[in-house]
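Please walk through this model from its overall make-up to a few individual contacts.

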Amino acid sequence: MKPMFTRTFLMLFLAVILGVSSTFANTIPAFAQTAGDSQNQPKGEFQISDSWSGYLQSAEQALDRKNLTPAQFETFRVNVEKIVANAQEQIELLTPEHEQLDQRLTELGPKPKDDEPPESENLSDLRAALGTDFAIIDGQLKDARQIIIRARQLKINALTKRRSKFVKSITTKSQNILRVDFWQKFGSGLYDLRIGFRLLIKDTFASMGSHLSNSPWKAFILVIGLLFGMLSYLFIKRKTAATFPRPSGDDDLTRKQAATWAAGKFIRFGLLNTAALIYIFALFSRLELMPGQFEKFAGEVVFSLSAFFIIKSLSNIFLDHKNSHSRIVNLSDAGAKSVQHTITIATAMIVILDWLNFSAVLLIFPFEMSVGLSVLLAVTGTIAISRILIVIERDNTDAPPPGLQEGGLLRWAYLKAIVWAGVVATLFALVLNYIALAEFIILQLVVGSAFLGILWLVLELIDTNRQSILTARGGSPSSTANMQSSKIKQISILGFGILKLLAILATVFAMSLPWGFRTNDWLQWIKGAFFGFQIGGLTVSFSAIFLAILLFLVGYTITRMLQSWLSNQFLPATNIEFGLRNSITTVFGYTGLTISAMMGIGAVGLDLSNLAIVAGALSVGVGFGLQSIVNNFVSGLILLAERPIKVGDWIVTGGGEGTVRKISVRSTEIQTFDRATIVVPNSTLITESITNWTHSSKLGRIKIAIGVGYDSDPDQIRDILLECMSEQEGVLKNPKPSVFFLDFGDNALLFEVRGFLSNIENGLGIRSNIRFSILRALRAANIEIPYPQRDIHIKTDASKAPALPEKQPTRRRRTPSQTKK
């Protein structure tokens, strides 16, 4: 039931729907309102010419006029953007020539003064020609920059005026709705509206019949299209029902199962019905079967029904009163049923009233008709929302919260305060006759709740899929698999975090559309942020930064692949020793990293010659805080070049001894024989004395000292020691082992046996084995290994010595060992 690809598809699909549904919600009314004005828009692209300034001046004067349509605002925006783009293109074309002329004039130097010798005629003519060309290009650049400033200011002014027009439209005070004549006009308008609907539908069907009779191919395409749409609708609905079956009341749903089933239910009953309506509308529109006025009317019908289906499906998901196990909201069965029925009825009434209001405006009915419908819509929404809040507050349920409520982004305590504030604001607006504002608040509460519900489903799907991936990857027994699982976990957390951020941004984008923002505004902001924006004299371009990061990552990946090939395949096939192979691989990595960084810097567009200032600042830092870092870096390069130590060497430093495991830019890692890691700065390895047991080879000498009694035969001792050393595996026969009679000790004759090993790294074990052999041989030959002895003589004066007490006979207690003997 829950294959991974299905959950992933749902997650991405719902994330896209946040933006698509909001865009559709904004475009159909806008289309209906501006379709008539779009015919008056200028056709073709704005031609770039010397009249830039003239167009900007006429546009500035047009903004001072009132009653500008949305189509005119859009025309201003499009033309201004084209002017800015072409002016920037002209600046990019003229800037190299401008810099070249400026450089040539700088090379010529200043013009000689009156008291100085005159320059040659050719040089004077060249200076004049260059100066004239420079002045012309410099003037063109200044004009283009001024045009860009004026165009951007015009765009800001147009946006500000459009916003102020929107604010004025919802804050305009209406006539007194408590007057009797107002509602009399409203009642008569309802009758006229019914007649207008009947005439509109009659004319529309007559027009459709005429089109289909005159164009049989349109009738054929219409039938095929409707049949295809119906079959597709039934097929998708059956597939989604089979993929996401309704859980029974006894099922103990996990969070993942509940989230996936909720998303599937939303797609089946909400998005699929909406897609079917849009498909039918698009089919009739493409075949040009609807008259212009009816097309606006049909577009509003599609929008209203789509909103109803989406909100109803969300209420069925969050308030499933028939199945408490899959219910998301923590309410009792009675409370969930009451709230769900209230939402369904109120949504249907609001959708119908909003559609009637649009139709009254479309058919040019009296203003009282539109105001009355807005009043009814605001009152209906206020009553429904108040009842829902009261039912939720009074509902008592002993059922534990469902598993899906573990998320903490959408807190009901915060949302409840916002909703109550909206209800109170609506009531004040109605009392003060701000009818448009009251209607706007109610619609935003309804639409905002729907978008937050969709956002909740998307975030829940993201979280459950992330947890599924992390759970499936966990519990690996091997360390390598654990490291890979940790990396996958980090990538998963980052990737799903980005998806959650995109979902939240899409919701913010969707909810801001009714507040005067348009899709083009968001696209322009995103485009400006991505392709470059000005901060003072600095241009910041996220696209360039992204390209730089991409080039650096590509170069870094290629470098690592080549490093791996050198280290594991090519260099091992050569006769180069291991330490030199490691140095070659490391230097190659540094070189590739540097080249990748230079590629990234070049992609950003930084002039490397301008980095001299940065280098100067770094030189000051090197003199203070960065001195040790640079010292270690240079020391690391020296270690790789001279190779006094290399990876695998056994070295002894002031901090300890061990095997070199890694030589990095700043430090070197040494692993002790106790498996501890010592990190030594590279500068220490260069400036201090280091003992390297395996610098040139692993050949090494060991020494074992031994002391024997004075009654021992030195020649016999020599033979025993040589025999024990020669018989030990790992001791070289050439050079031969040797024995030295070192000294006459206080308690013993001191000897030392020396021998060379083929691998000094085995010295500790070989020394231990040789000592065992020597001890066994000396004991077999009855040769004493004396321990230190010392005689102590105490001198006393007998006359002053105290009398000794009479000695009492004592019994000596025998130890257990003596008893056994």
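The paragraphs below go from the whole chain to the sheet, the surface and the salt bridges.

The structure is a predicted model, in which local features need pLDDT of at least 70 and side-chain atom pairs count only at pLDDT 80 or more, while totals for chains, interfaces and linings use all residues. Residues are numbered from 1 along each chain as its sequence is written, and side-chain values use heavy atoms, with hydrogens and water left out.

The predictor's confidence in each residue is its pLDDT, on a scale from 0 to 100. For the protein chain the average is 75, and 76% of the residues score at least 70. Residues 810–821 have a pLDDT below 50, and beyond near neighbours in sequence this stretch has three contacts in the model, a contact being heavy atoms within 4.5 Å. Residues 398–409 also stay under 50, and there the model has 20 contacts beyond four places in sequence. Where pLDDT is low, the predicted coordinates should not be read in detail.

The protein chain has 22 helices and ten strands. These elements are DSSP runs numbered from the N terminus, with helices being H or I over at least four residues and strands being E over at least two. Of the 821 residues, 37% count as buried; buried means under 20% relative accessible area, exposed means over 50%, and partly exposed lies in between, with a 1.4 Å probe and protein chains only. Accessible areas come from the Shrake-Rupley method with a 1.4 Å probe, and for residues only the protein chains shown count as cover. Of the contacts between residues at least 6 apart in sequence, 73% join residues at least 24 apart. Arg162 lies in helix α4 (residues 121–171) and is buried, with a relative accessible area of 18%.

Next comes the sheet. Five strands form an open sheet in the order β6-β5-β4-β3-β7, with antiparallel pairing. Its edge strands are β6 (677–681) and β7 (691–692), each of which pairs on one side only. Two strands pair if DSSP finds at least two bridges between them; β4 (residues 656–663) and β5 (residues 667–671) are joined by four bridges and run antiparallel. Across this pairing, Thr659 stands opposite Gln671 in β5. Ser667 also lies in strand β5. Ser667 counts as buried because its relative accessible area is 8%. Apart from neighbours within four places in sequence, Ser667 is in contact with Lys662, Val679, Val680, Pro681 and Asn682.

On the surface, Phe546, Leu547, Leu550, Val554, Ile558, Leu562, Trp565 and Phe570 form a nonpolar patch with about 730 Å² of accessible area together. Patches are made of residues with over 30% relative accessible area and no salt bridge, like charges being joined within 9 Å and nonpolar side chains (Val, Leu, Ile, Met, Phe, Trp, Tyr) within 5 Å. Val554, one of the patch residues, lies in helix α15 (residues 542–570). Val554 counts as partly exposed because its relative accessibility is 42%.

Side chains of opposite charge can pair when their charged atoms come close. A salt bridge is a side-chain nitrogen of Lys or Arg within 4 Å of a carboxyl oxygen of Asp or Glu, and by this rule the count comes to eight. In one of them, Lys416 pairs with Glu393, the closest N and O atoms being 2.8 Å apart. Lys416 belongs to helix α11 (residues 412–431) and Glu393 to helix α10 (residues 367–394), so this pair ties together parts that are 23 residues apart in sequence. Both residues are partly exposed, Lys416 at 24% and Glu393 at 46%.

Lys500 and Asp463 also meet in a salt bridge, at 3.3 Å from N to O. Since Lys500 lies in helix α13 (residues 479–512) and Asp463 in helix α12 (residues 435–473), the pair ties together parts that are 37 residues apart in sequence. Lys500 is partly exposed at 27% relative accessibility, whereas Asp463 is buried at 11%.
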